[in-house]
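Subject: Structure for your review

Dear colleague,

I am handing over the structure below, and I would be grateful if you could look through it before reading my notes, which follow directly after it.

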Amino acid sequence: MTQEEVSLEARLEEQESFDPPESFVEQANVSDPEIYAEFEDEWPECWERAADLLSWDSEYDTVLDDDDEPFYEWFTGGELNASANCLDRHVEEGAKNRAAIKWEGELGETRTYTYGELLNEVEAFAATLRDRGVEEDDVVTLYMPMIPELPIAMLACARLGAPHSVVFAGFSADALATRMNAAESEYLVTCDGYYRRGDALDHISKANEGLEGVEHEVSDVVVVDRLGDALTHSLADNQHDYDELVAEHAGASVEPVSRDAEDMLFLMYTSGTTGEPKGVKHTTGGYLSYAAWTSHSVLDIKPEDTYWCSADIGWITGHSYIVYGPLALGTTTMMYEGTPDYPTKDRLWEIIEKNRVDVFYTAPTAIRAFMKWGKQYPAEHDLSSLRLLGTVGEPINPRAWKWYYKHIGNEECPIVDTWWQTETGGMMITTLPAINTMKPGSAGPPLPGIDAQVVDAAGEEVEAGKAGYVTVDKPWPGMLRTLYNNDDRFLEEYWQEYSDPDADEWVYFPEDGAKIDDDGYITILGRVDDVLNVSGHRLGTMEIESAVVGVEGIAEAAVVGGDHEVKGEAVYVYAIPEDGYEGGDDLEAKAEDAINDSIGPIARPESVIFTPELPKTRSGKIMRRLLEDIASGNDLGSTSTLRNPEIVEEIAGQVEAD
Ligand code: WT7
């Protein structure tokens with residue numbers, strides 16, 4: 001580095017707050033600071049601004065119906081269709097030839113769908129699904145990677161009023177079966193395979209294996225042929241080729257079904273404290289308004305933009321901010337099939353340069369990987385089209401924030417660090433990019449109309465600087481309505497902790513720890529339940545533990561997260577072999593296979609440590625904190641409250657050696 005570069009780095013290192021550039025403010029969708037006061041004064045009518053971003057078949061009569069708290073209803077009486085909002089109205093308004101989806105495959109092939117073409121494709125597939133028997137309210141499972149047929153299938157379902165349940169393609173066969181069983185889903189759309197680091201990956205075998213575990217009859221399976229000759233597959237009697245069916249329905253016109261605002265748009269399964277995944281239910285009116293509103297106000301998306309969120313559509317980020325939010329606003333949304341380092345570590349920067357991307361939204365884990373690879377990769381590309389950057393999924397450390405700001409944004413793009421969850425449907429805590437000063441590492445204030453705070457165990461707001469828990473006092477349109485077929489668990493998981501039903505006080509508890517500063521900026525500290533955040537993906541420790549104890553020869557297991565430079569958190573498994581077994585390589589491989597089979601490669605453990613005992617308190621509870629500290633290489637402090645303190649050093653020694 002030159003002397004000048006060194007002093008620039010030093011200045012950046014010390015700078016604690018950053019203001020949005022004037023040029024950004026001037027063009028922003030939302031730039032009047034009064035918006036916070038307006039939302040507060042006009043609450044809940046303020047949310048009409050979100051609903052106004054959509055076209056309604058019939059106007060709603062009530063913004064918020066809170067008769068049956070916490071089963072809130074939004075925009076009741078209103079009717080609309082999500083696919084008509086994402087497609088038809090843009091075509092009618094003259095955007096037929098604007099690119100809706102620009103897709104790039106890992107091997108470099110590209111496909112662009114204009115709004116007109118996307119609408120045709122969605123209608124043809126909707127006609128296909130209807131022909132196969134899909135009716136309004138039937139749950140259709142989509143087990144697909146990042147190929148255009150995934151958003152097409154989502155929008156086709158939405159057109160028919162059939163809720164979709166997308167299962168991340170990296171999840172295992174078991175995970176697919178669990179989710180299809182829980183949703184009693186009788187239809188599956190999947191594909192033969194996809195590319196990963198240049199290899200053709202077989203997906204259909206995994207889908208078929210999953211289907212074997214489905215307990216009810218599956219009437220139809222539609223299979224997209226992504227790989228052509230690179231992978232041959234055969235189709236069972238109830239399985240059909242996507243292209244053949246769609247060709248039969250080419251040119252079909254399918255009226256979008258008018259859905260009640262509160263009708264389910266989709267289900268998304270996510271991990272919780274128990275082994276059973278939670279089926280988060282999102283609605284048509286509230287969710288879509290909220291996805292559109294946050295895309296407009298936080299991501300500053302304009303119809304003429306090329307916008308790119310590098311998440312996978314298999315997670316909520318992709319639902320809200322690759323598909324529904326951007327398409328509702330009529331912009332061009334990018335999709336990339338593969339990994340960021342294939343064939344070289346500048347792949348994403350090449351995509352941004354080539355497509356003149358305006359807004360880029362990614363995850364801290366990705367940024368940490370980019371940092372590790374080096375600034376020379378983005379430096380090779382012209383990234384001057386970028387106007388705004390975003391992150392989501394986990395806390396971002398100030399060093400990674402500043403790297404992103406300088407080496408990707410050229411110190412000219414505001415960064416929004418957006419805190420939210422599968423359950424919240426959209427962003428909740430973040431700066432508004434044209435209004436608030438940015439503080440690296442802190443997500444920012446709650447969005448206008450979002451009543452979030454940081455409280456102690458008793459529910460009292462904590463002083464600035466003290467750690468506490470995030471809670472949300474008022475409902476918002478994008479919130480989950482319930483856990484599918486499980487209202488009791490919905491109440492238990494999110495409302496029990498801080499609500500006082502007798503006083504009619506309902507408080508949503510997201511299970512995150514946080515701090516707040518004097519300016520009301522919230523810094524998220526991470527989950528406070530038994531859920532890990534690995535590379536921005538939520539994994540339940542109980543799910544992993546139950547996979548491990550299912551291995552013959554393993555008696556007991558504890559799974560915790562340990563700090564990881566790139567992933568944020570990594571999975572650590574501590575296991576006790578059964579009598580007569582020894583923790584050797586064989587058991588370790590079996591434990592890894594079991595995790596792979598029950599969840600998928602994303603849950604692959606960093607290490608599996610065998611020990612004759614787990615550290616337990618005198619009352620017999622496993623000391624998870626201690627296991628986390630061992631995994632993270634932290635100071636262990638006193639172990640005197642343990643029943644078996646001697647085991648700690650033995651385990652720590654093994655982790656170090658691993
Ligand atoms: C959990 C939700 C929201 C879509 C992706 C993950 C953590 C999310 C941030 C952020 C700190 C964050 C929280 C949250 N999280 N965004 N900007 N800063 N932590 O969705 O799988 O439902 O996970 O991700 O712990 O509870 P999810």
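The secondary structure of the protein chain comes to 21 helices and 29 strands, where helices (H or I, at least four residues) and strands (E, at least two) are DSSP runs numbered from the N terminus. Please bear in mind that this is a predicted model, in which local features need pLDDT of at least 70 and side-chain atom pairs count only at pLDDT 80 or more, while totals for chains, interfaces and linings use all residues. Residues are numbered from 1 along each chain as its sequence is written.

As to overall dimensions, the C-alpha atoms of the protein chain fill a box of roughly 70 × 65 × 60 Å, taken along the principal axes. The radius of gyration of the protein chain is 25 Å, which agrees with the value near 26 Å that a compact globule of 658 residues would have; the radius is taken over C-alpha atoms, and the globule rule is 2.2 Å times the number of residues to the power 0.38.

For "domain: AMP-dependent synthetase/ligase" the unreviewed entry lists residues 90-476, over which the chain is 32% helix and 22% strand, with the end C-alpha atoms 27 Å apart.

Turning to the ligand, 22 residues surround it, the closest being W419, Q421, T422, I524 and R538; a residue counts as near if its C-beta atom, placed from the backbone, lies within 6 Å. By class, this shell has eight nonpolar, nine polar and five charged residues, with Ala, Val, Leu, Ile, Met, Phe, Trp, Tyr, Cys and Pro counted as nonpolar, Asp, Glu, Lys and Arg as charged, and the others, Gly among them, as polar. The elements α12 (316-328), β20 (415-418) and β24 (522-527) each supply at least two residues of the shell, and β24 gives the most, with three.

I also looked at two helix pairs, for which axes are lines fitted to C-alpha atoms over the stretch in contact, and angles run from 0 to 180 degrees between N-to-C directions. The axes of α5 (residues 82-95) and α7 (residues 149-160) come within 7 Å and cross at roughly 115 degrees. The contact is made by A82, S83, C86 and L87 of α5 and L155, A158 and R159 of α7, two residues being in contact if their C-beta atoms, placed from the backbone, lie within 7 Å. These residues divide into five nonpolar, one polar and one charged.

Helices α20 (residues 624-632) and α21 (residues 646-657) pack at an angle of about 35 degrees, with their axes 9 Å apart. Their contact is made by L626, I630 and A631 of α20 and V648, I651, A652 and V655 of α21, and by class it has seven nonpolar, no polar and no charged residues.

The peptide bond from E69 to P70 is cis, with omega near 0 degrees, and P70 lies in the loop between β1 (62-65) and β2 (73-76). Strand β2 holds F75, whose phi is near 55 degrees, a positive value in a residue other than glycine. The peptide bond from Y342 to P343 is also cis, with omega near -5 degrees, and P343 is placed in the loop between β17 (332-336) and α13 (347-355).

With best regards

How values were computed
UniProt positions are given in the numbering used here, feature names are shortened, and annotations may be inferred rather than shown by experiment.
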